[in-house]
Amino acid sequence: MNMMVPNAAAGELHRQARVARRLGSPFVASVLEAGHRQLFLAPRTSALIAGWPRDPSASALAMRFNAALHALARRGEPAALRALYAREHDDYDGAIGAALAASDDFIAHWMQDTPQTNEVGRAAAIGAALMVVRRKFDLPFELLELGSSCGLNLNLARYGYDLGGVLAGDMESPVHVVPLWTGPAPFPAPIEVAAARGVDLNPLDAGDAATRERLLSYVWADQPGRARRLERALDLALCHPPRIDRQDAASWLVERLAEPQDSGRCRVVFHSMVLQYLSGEDRGTVLRAIHGAGARATAERPLAWIGFEWTPTRSEVHLTLTCWPSGETRRLATCHAYGNWIDWLG
């Protein structure tokens, strides 16, 4: 085994392996650890990681790498990698090394595109926050989502939820989201969406085979339940296509929040794992736009802001809620990054 791995290039893979194991994915952790050891076999990928111009953690660089390998395995190439993902052997170094050597160009090209997870599991946390907002204002929602990807979470009112024993949403839906719940159960409230609209620099089409394959490749390979749920959500999106605009999040939000708000609706801005991908300038624009709209909010036209994001140290994922006209901010929960569990504070 060749251990001559550039630390600068492989360090992020090793760091994320520890995170994956902590998040309950030993297979992905082992894939990334083997990638750390075998990266020398893929000089283009190694150079891409070593020279990455932005924060590799905030850019989810290791997750791009992991998804590229998963995509290759789903295609069945090379055979040793397919067999590893099928659990037919446990020679991680051999299979990952072969894939890196054979598919260096493919992996490097894949990693240059922004991650597209569109994790439906996060809809449970967003939905629980909406239940809090509904109890506060008792109004239907007008949703505005930043970084919508394929728009699957714009369809969150069409999913069924079990939130600590509290059933919510559409329980007849083919998509059920049942996170492991700790803390008090949320108070029941309807998730009633009157309008939903999102934005993405590159909106994805649920009906496009390559798009579906890319999204499924970002699902961790040892969590097949997530993949099945994603497939059902994609199928549902074909029947109920989300409205997604192709634009940058900052200018789009400024425009949407400047539009008149119907009386008797609560406007809700929400995002999940998006702020880390925005530039400092765009992030500032988003925050100023939200707070400016909050200053204009009234009891008849309230505004809520829901965030599902890493803390600045990337040690925890917090679900936060701010409501106007009061401007009160609360942390509602600490969550698994993909919504597998929710520790509800209420």
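Strand β2, which covers residues 160-163, runs parallel to β4 and is joined to it by 2 bridges; helices (H or I, at least four residues) and strands (E, at least two) are DSSP runs numbered from the N terminus, and two strands pair if DSSP finds at least two bridges between them. This is a predicted model, in which local features need pLDDT of at least 70 and side-chain atom pairs count only at pLDDT 80 or more, while totals for chains, interfaces and linings use all residues. Residues are numbered from 1 along each chain as its sequence is written, and side-chain values use heavy atoms, with hydrogens and water left out.

Taken together, 3 strands form an open sheet with mixed pairing, in the order β3-β2-β4. Because β3 (166-169) and β4 (176-177) stand at the edges, each with a single partner strand, one side of each is left without a neighbour in the sheet. Helix α8, residues 123-137, packs on this sheet and touches β2, β3 and β4, and its direction makes about 80° with that of β2; contact means heavy atoms within 4.5 Å, and axes are lines fitted to C-alpha atoms, for helices over the stretch in contact, with angles running from 0 to 180 degrees between N-to-C directions.

## The enclosed strand β1

In strand β1 (residues 141-146), 6 of the 6 residues are buried, so the strand is largely enclosed by the rest of the structure; buried means under 20% relative accessible area, exposed over 50%, and partly exposed in between, with a 1.4 Å probe and protein chains only. In a regular strand the side chains alternate between the two faces of the sheet. In β1, F141, L143 and E145 point one way while E142, L144 and L146 point the other way, and all are buried.

This strand is joined by 6 bridges to strand β6 (residues 193-200), which runs parallel to it, and L143 has A196 in β6 as its bridge partner. A further 5 bridges join β1 to strand β8 (residues 266-272), again in a parallel arrangement, with E145 opposite F270.

Helix α2 (residues 26-38) has 13 residues, which at 1.5 Å a residue should span 18 Å, and its end C-alpha atoms are 18 Å apart, which agrees; the expected span is 1.5 Å times one less than the number of residues. The helix is mostly covered, with 11 of its 13 residues buried, among them F27, E33 and H36.

Two packed helices are described by the angle between their axes and the distance between the axes. For α2 and helix α4 (residues 61-75), the angle is about 100° and the axes are 10 Å apart, and the two are therefore roughly perpendicular to each other; angles of 65 to 115 degrees count as roughly perpendicular, under 35 as roughly parallel, over 145 as roughly antiparallel and the rest as oblique. In this packing V28, V31, L32 and G35 of α2 meet A62, M63, F65, N66 and L69 of α4. By class, the contact has 7 nonpolar, 2 polar and no charged residues, where Ala, Val, Leu, Ile, Met, Phe, Trp, Tyr, Cys and Pro count as nonpolar, Asp, Glu, Lys and Arg as charged, and the others, Gly among them, as polar.

## Backbone features in the loops

Most residues other than glycine have a negative phi, and most peptide bonds are trans. The peptide bond from E77 to P78, however, is cis, with omega near -10°, and P78 has its place in the loop between α4 and α5. A60, in the loop between α3 (43-50) and α4, has a positive phi near 55° and is buried, with a relative accessible area of 13%. R314 also has a positive phi, near 60°, and lies in the loop between β9 (303-310) and β10 (317-324).
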